[in-house]
Amino acid sequence: MQSSSLLVQRAMCLVVAFLLALPVAAQAADWPQWRGPSRDGISQETDWDPKSAKVAWKVNVSLGFACMSVADGRLFTIGHVDDHEIVYCLDAATGKELWTFRYPCAKIANLYEGGPNSTPTVDGDRVYVVGKEGQFFSLDAAKGTKHWETALRTELGGKTPDWGFACSPLILGDRVIVQGSSTAAFDKKTGKLLWKSDAFLQAYGSAVPFEYQGKTMIADLNSQALIVVDADSGKLMAATPWTTQYNTSAATPIIVGNQIFISTGYGKGAGLFEFTGNRLRQKYHTTVMANHMNSCVLREGHLYGVHGNSHQRGDASFNCINFETGQRTWTQKGLGVGAVTLAGDKLIILTDRGDLVLAAASPDAYNELHRMDRVVAGKCWTPPIIANGRIYARNSAGDLVCVEVK
């Protein structure tokens, strides 16, 4: 009989193959959307040396927590200045500004600095952007000119959530998927609303696609439930309650086959669910992995991620748990409540105070390979990314650094 770890690995390969086939146009080593090519926080880059890391350039992209996307030699992110959000397009190799796109938007500094939460998504010659008040744009990736604009508050109803809109657009064929009071699909060429799911109390994460019995499904975690909807129609296929204090579900689901892992902060913890076509069956619940804002990464049957809340950083830890059982295999203190990305067999960790830590992705023990102290000093809740031999990291003030690891 095959071991459960082997089955997980094979299922992971199928999911990766499916996601890599999605029409987000990019080179193999690009990072064109939130959580990378396969929307799982994982880069396929393996030919890089942590100890070769050196700072190549630094720029400022203004206030905010938006992550970066890289495609076709361009880097995209969003910042906030004087009641406006600014989409920045930079040369990914040099940091030189290529263009900006500005629109009015409130900062919404609710218990933190405020500024944009969402990450631009690049699809061919277009880039899709969600603003903090629900502004939704399609822009020309090369020039920054606007193709279309719509408003999620108008199209989906509801109101701006307490910490602003945070979903990062997902491209599925000719559709672009976002989350508001509903999970919704828009025509990516025209901006026309195609469908919207049942309404829920919205949260701060992003949708993830998966295949089930030959059909494409979408998993989305809102502030009331984990839901699965049909990607063609938006029909609600299954939902299971999942609530937290202060309605702050923020992490993005992780999917292996028909198994969906979710995690949230404030003591709620994590759960693994099996989608059966019309229901979500809970396989376990654990309190040893509670992702307040940033999701785990998965490698060879083990999850690595930040456990703890931003306002209690001294209690936070970086944990490794078994995907199938939820059991913790090791824990490491001292990294705060930052974020992690996976590239090959290495973890790229940005601590909440701006240290760049490169460590082995091993379930046996925490093994630090290289560290760059205060590479981008300040509050760092935004995940680092890696694209074409360069690591990019930013802080809340908008200081963006490029670290070469070729």
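**View 1. Ala225, a residue tucked away from solvent.** Ala225 is buried, with a relative accessible area of 5%; buried means under 20% relative accessible area, exposed over 50%, and partly exposed in between, using a 1.4 Å probe and protein chains only. Keep in mind that this is a predicted model, in which local features need pLDDT of at least 70, side-chain atom pairs count only at pLDDT 80 or more, and totals for chains, interfaces and linings use all residues. Residues are numbered from 1 along each chain as its sequence is written, and side-chain values use heavy atoms, with hydrogens and water left out. Ala225 sits in strand β17, residues 225-230. Strands (E, at least two residues) and helices (H or I, at least four) are DSSP runs, numbered from the N terminus. What does Ala225 touch, leaving aside residues up to four places away in sequence? Its contacts are Phe200, Asp220, Thr240, Pro241 and Trp242, where contact means heavy atoms within 4.5 Å. Now find Lys58: it is 167 residues from Ala225 along the chain, and their C-alpha atoms are separated by 40 Å.

**View 2. The whole protein, for orientation.** Of the 406 residues, 62% are buried. Among contacts with a separation of 6 or more, 54% are between residues 24 or more positions apart.

**View 3. The sheet β3-β4-β5-β6.** Four strands make an open sheet here, in the order β3-β4-β5-β6, with antiparallel pairing; two strands pair if DSSP finds at least two bridges between them. At the edges are β3 (69-71) and β6 (97-104), each pairing on one side only. On average, neighbouring strands of this sheet are turned by 25 degrees against each other, direction ignored. For that angle, axes are lines fitted to C-alpha atoms (for helices, over the stretch in contact), and angles run from 0 to 180 degrees between N-to-C directions. Look at β5 (residues 84-91) next to β6: seven bridges link this antiparallel pair. Ile86 has Arg102 in β6 as its bridge partner.

**View 4. The sheet β7-β8-β9-β10.** Here is another open, antiparallel sheet of four strands, ordered β7-β8-β9-β10. Its edge strands, β7 (121-123) and β10 (146-151), each pair on one side only. Neighbouring strands of this sheet are turned by 15 degrees against each other on average, direction ignored. Strand β8 (residues 126-130) runs antiparallel to β9 (residues 135-140), and five bridges join them.

View 5. Why is β28 described as largely enclosed by the rest of the structure? Five of its five residues are buried, so it is largely enclosed. In a regular strand, side chains alternate between the two faces of the sheet. In β28, Lys346, Ile348 and Leu350 point one way and Leu347 and Ile349 the other, and all are buried. Five bridges join β28 to antiparallel β27, and Thr341 has Ile348 as its bridge partner. The β27-β28 hairpin has two residues between its strands, and Gly344 takes a positive phi near 65 degrees. Five bridges also join β28 to antiparallel β29, where Val357 stands opposite Ile349. In the β28-β29 hairpin, with five residues between the strands, Gly354 takes a positive phi near 95 degrees.

**View 6. The largest nonpolar core.** This core has 25 residues, and those with the most contacts inside it are Tyr304, Phe318, Leu347, Ile349 and Tyr366. A nonpolar core is a set of buried Ala, Val, Leu, Ile, Met, Phe, Trp, Tyr and Cys residues joined through side-chain atoms within 4.5 Å. Strands β24 (302-307), β25 (317-322), β27 (339-343), β28 (346-350) and β29 (356-360) each supply at least two of the residues. Leaving aside residues up to four places away in sequence, Phe318 touches several residues, including Tyr304, Trp330, Leu335, Leu347 and Ile349.
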